[in-house]
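Please look through the sequence and the 3D structure below before reading on. The paragraphs after them are meant to be read with both in view.

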Amino acid sequence: ASIPATAFFPLIVLLLTWGLGMNAGTILLALTTMFWYVLFNVLGAATAIPKEMQEAARTLGLGGWRYLRRVVVPAVIPGLITGCVTAWGAGWNALILCEYIETGGRVISVRGIGATLDRANYGSGDMQVVAASLMAMVLLIVLVNRFFWDPLYQRAASRYKMDA
């Protein structure tokens with residue numbers, strides 16, 4: 001966590017220039033950004049399992065796969081969803097950032113809202129395209145949060161509540 005994922009971007013851009021391919025490089029950049037959010041939220045949720053629940057599981061003879069299935073997985077699901085929400089936002093930011101790269105006088109790009117914003121903002125100066133792109137992004141974020149992430153999180157928080 002001490003090294004931000006964006007610190008790896010120059011290395012991945014270097015791999016792009018050696019023939020990795022823009023689509024594969026874009027996915028690698030997004031995964032590099034997203035991985036840490038999910039990992040640290042799941043680890044935080046796993047370490048927050050109450051000691052009383054761990055003792056109760058041992059007393060009831062839960063061990064191995066049964067302990068994972070009955071105690072650990074339900075405990076980490078809310079953290080997993082929180083990590084996925086933040087990873088989705090960070091990954092989307094990374095995708096927008098890496099869809100259009102200028103290196104060595106060469107433009108490497110893929111189709112997407114990030115490349116459209118770069119071309120409209122720095123190339124043509126078309127503020128209508130910039131405004132329409134930003135409005136589309138805001139609308140998509142609001143809709144996905146409202147109709148996907150929020151119901152999923154509410155269900156997980158109510159179903160997998162960890163109280164001792």
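This is a predicted model: local features need pLDDT of at least 70, side-chain atom pairs count only at pLDDT 80 or more; totals for chains, interfaces and linings use all residues.

Residues are numbered from 1 along each chain as its sequence is written, and side-chain values use heavy atoms, with hydrogens and water left out.

Helices and strands here are DSSP runs numbered from the N terminus; a helix is H or I with at least four residues, a strand is E with at least two. The patch is formed by Phe 8, Leu 11, Leu 14, Leu 15 and Leu 28, which together have about 390 Å² of accessible area. Such areas come from the Shrake-Rupley method with a 1.4 Å probe, and for residues only the protein chains shown count as cover. A patch is made of residues with over 30% relative accessible area and no salt bridge; nonpolar side chains (Val, Leu, Ile, Met, Phe, Trp, Tyr) are joined within 5 Å, like charges within 9 Å. A salt bridge is a side-chain nitrogen of Lys or Arg within 4 Å of a carboxyl oxygen of Asp or Glu.

Residues are sorted by relative accessible area: under 20% is buried, over 50% is exposed, and in between is partly exposed (1.4 Å probe, protein chains only). Leu 15, in helix α1, has 31% relative accessibility and so counts as partly exposed.

Next come the aromatic rings. Rings of Phe, Tyr and Trp (its six-membered ring) pair if their centres lie within 6.5 Å; planes under 30 degrees apart are stacked, over 60 edge-to-face, and the rest tilted. By this rule there are four aromatic pairs. In one of them, Phe 35 and Trp 36 have ring centres 4.9 Å apart and planes at 75°, so the pair is edge-to-face. Ring pairs also bring in Phe 40, which forms a cluster with Phe 35 and Trp 36. Phe 35 is partly exposed at 46% relative accessibility, and Trp 36 is partly exposed at 32%.

Another ring meets a charge. The charged end of Arg 146 sits over the ring of Phe 147, 5.7 Å from its centre. For this, NZ of Lys or CZ of Arg must be within 6 Å of the ring centre and within 35 degrees of the ring normal.

Helix α6 (residues 127-159) holds Ser 133. Is Ser 133 buried or exposed? Ser 133 counts as buried because its relative accessibility is 7%. Leaving aside residues up to four places away in sequence, Ser 133 touches Ile 113, Thr 116 and Leu 117, where contact means heavy atoms within 4.5 Å. Leu 139 is also found in helix α6, but Leu 139 is exposed at 52% relative accessibility. Its C-alpha atom is 19 Å from that of Cys 84, 55 residues apart along the chain.

Three further positions complete the walk. Arg 70, in helix α4 (residues 64-98), is exposed with a relative accessible area of 54%; its C-alpha lies 8.7 Å from that of Ala 57, 13 residues apart in sequence. Glu 102, in strand β1 (residues 100-103), is exposed at 59%. Gly 112, in the loop between β2 (106-109) and α5 (113-124), is partly exposed at 24%.
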